[in-house]
Amino acid sequence: MYPLFIARRLSLRGDGRKRTPAMAVATTAVALSVAVMLASVAIVTGFKNEITRRVVGFNSHITVTQASNDGNEGNIVALTPGLKSILDSCKYIKEYGLQISMPAIIKTPGDFKGVYMRGIDSQAMRNFMERNLVAGTLPRTDAPDSIPEVLISEIASRQLGLKAGDKTDLYFMSDDIRVRRMKIAGIYNTHFDTYDDLYVYGPLSLMRGLSGLHSDEGVALTIDTDDFGKVADYTEDLQQRLLNGVADGTVYRVYRVDNVLSQGANYFRWLSLLDMNVLVVLGLMTAVACVTLVSGMLIIILDKKRFIGLMKALGTPSGNLRQIFIYLAMKIALTGMAIGNVLMLGLLWLQHTYHVVPLDPEAYYIDFVPAELTWESIVILNVGVLVVTYLVLVLPSRFVGKISPAELIRGEE
């Protein structure tokens with residue numbers, strides 16, 4: 001393949017001295033385009049993943065509740081052997097647990113606040129709360145001073161003037177009003193004010209004692225699956241399994257299966273709009289890279305007119321000459337892509353690790369710019385850019401065939 005051999009030996013420097021400004025501009029444009037594309041994909045991916053993790057942290061992947069209130073049992077979900085057997089038969093279910101929540105009022109000497117208290121019912125929820133702790137620790141089930149511990153939001157902490165380690169009274173609303181002295185074990189902040197303003201968390205055993213429920217009862221069943229991307233399919237499958245269980249007598253009541261996609265629909269609709277923004281950025285940056293490469297290739301062709309004339313005089317086919325200049329332009333593209341990848345991947349790693357660039361959580365629900373990339377997305381993006389630029393360079397390379405050796409020789413005279 002002598003076109004590749006010649007392209008590797010042919011200099012991109014003007015008059016044999018230094019790289020021409022056009023080549024430097026083309027390389028810089030490709031580097032910047034690839035860097036912007038990587039940043040766009042990383043930031044949008046990170047933003048979607050971070051918001052998704054927070055919505056899932058409050059709701060779990062799938063939630064099972066009673067389809068209707070019947071008799072004296074209200075909306076209680078009982079984890080019967082039949083229901084447990086159906087859940088255990090679903091290979092996609094990683095973890096499930098009963099959820100208990102009830103309305104309460106936090107009362108201090110100078111103020112009060114209405115909240116919903118939830119029992120921490122799974123390891124996934126504990127991990128989620130631990131990631132969003134800003135002070136103190138998670139509530140313990142074996143508090144040494146025998147005073148139950150709870151986790152409140154930073155919003156409630158500011159409104160009521162409470163901090164980690166303080167003790168306060170909680171009034172629980174059920175058939176009657178019950179008062180419990182609680183210790184503030186920790187304070188969390190997810191920047192989701194809608195949730196933070198509403199929920200207080202405590203051990204599930206504490207909630208079970210306050211509600212009078214047995215160890216196999218709760219107001220809902222929370223389920224985490226092995227693949228968030230298949231939650232909709234898993235929801236349909238589980239709903240059908242439960243209906244079949246009612247039909248064959250495995251379970252004795254109809255359950256309603258819901259998922260986080262519907263519970264957090266507003267957030268996910270908002271996130272879906274970001275995909276179009278990414279596509280626009282990728283399209284614009286690809287266009288910029290292609291235009292600068294085409295311009296650079298035409299400049300190379302004009303700069304190497306004597307070389308083209310000589311090669312044609314020696315009988316080199318126009319197709320082979322076109323390949324030489326395509327390879328030269330691809331050399332510029334690969335150099336620019338390498339520079340763009342190294343610089344941007346380094347910056348993205350710094351942002352992912354140290355959260356250097358902040359965000360306004362009031363507007364974005366996150367206090368830093370998230371950046372997440374997979375090796376698959378990096379490879380796909382770079383291969384895509386390389387293929388598109390190669391195809392675009394085919395057209396201007398045809399200009400080589402229009403250069404006549406005879407005209408060049410007369411011009412030299």
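A crossing of helices is called left-handed if the near helix is turned anticlockwise from the far one by less than a right angle, and right-handed if clockwise. By this convention, α11 passes α12 in a right-handed crossing. The model is a predicted one: local features need pLDDT of at least 70, side-chain atom pairs count only at pLDDT 80 or more, and totals for chains, interfaces and linings use all residues. Residues are numbered from 1 along each chain as its sequence is written, and side-chain values use heavy atoms, with hydrogens and water left out.

Helices and strands are DSSP runs, numbered from the N terminus (helices: H or I, at least four residues; strands: E, at least two). Helix α11 spans residues 305-313 and helix α12 residues 318-354. Their axes lie 10 Å apart and pack at an angle of about 150°. Such axes are lines fitted to C-alpha atoms, for helices over the stretch in contact, and angles run from 0 to 180 degrees between N-to-C directions. From α11, the contact (heavy atoms within 4.5 Å) takes in F307, I308, M311 and K312. From α12 come S318, L321 and F325. Five of the residues of this contact are nonpolar, one is polar and one is charged. Here Ala, Val, Leu, Ile, Met, Phe, Trp, Tyr, Cys and Pro count as nonpolar, Asp, Glu, Lys and Arg as charged, and the others, Gly among them, as polar.

A right-handed crossing is also made where α3 passes α8. The two axes come within 11 Å and cross at roughly 145°. L83, I86, L87 and S89 of α3 meet L238, R241, L242 and G245 of α8. The residues of this contact divide into five nonpolar, two polar and one charged.

Aromatic pairs were assigned next. Rings of Phe, Tyr and Trp (its six-membered ring) pair if their centres lie within 6.5 Å; planes under 30 degrees apart count as stacked, over 60 as edge-to-face and the rest as tilted. Y92 lies in the loop between α3 (81-89) and β5 (93-99), and Y234 in helix α8 (residues 231-248), so the pair ties together parts that are 142 residues apart in sequence. Y92 is buried (under 20% relative accessible area; exposed is over 50%, partly exposed in between; 1.4 Å probe, protein chains only), at 8%. Y234 is buried too, with 12% relative accessibility. Y195 and Y199 also form a stacked pair, because their ring centres are 6.4 Å apart and their planes are at 20°. Both residues, Y195 and Y199, are buried.

Ring pairs extend into a cluster of F47, F58, F128, Y188, F192, Y195, Y199, Y201, Y267, W270, Y364 and Y365. The ring of Y199 also carries a charge over it: the charged end of R118 sits 4.2 Å from the ring centre. The criterion is NZ of Lys or CZ of Arg within 6 Å of the ring centre and within 35 degrees of the ring normal.

T225 belongs to strand β14 (residues 220-225). Its relative accessible area is 3%. Beyond neighbours within four places in sequence, T225 contacts H61, I62, Y92, I93, K94, V231 and Y234. T225 and K91 are 134 residues apart in sequence, with C-alpha atoms 8.9 Å apart.

F172, in strand β10 (residues 167-173), is buried at 0% relative accessibility. With residues up to four places away set aside, F172 touches M102, P103, A104, M117, I177, R178, R180, M182 and L210. F172 and S146 are 26 residues apart in sequence and 19 Å apart, C-alpha to C-alpha. T108 occupies the loop between β6 (101-107) and β7 (112-120). T108 is buried at 7%. Not counting residues up to four places away in sequence, T108 touches L160, L162 and T168.

Backbone torsions complete the account. Most residues other than glycine have a negative phi. S60 has a positive phi of about 70°. S60 is placed in the loop between α2 (21-59) and β3 (62-66) and is buried at 9%. H191 likewise has a positive phi, near 70°. H191 is found in the loop between β11 (177-188) and α6 (193-196). The relative accessible area of H191 is 14%, which means it is buried.
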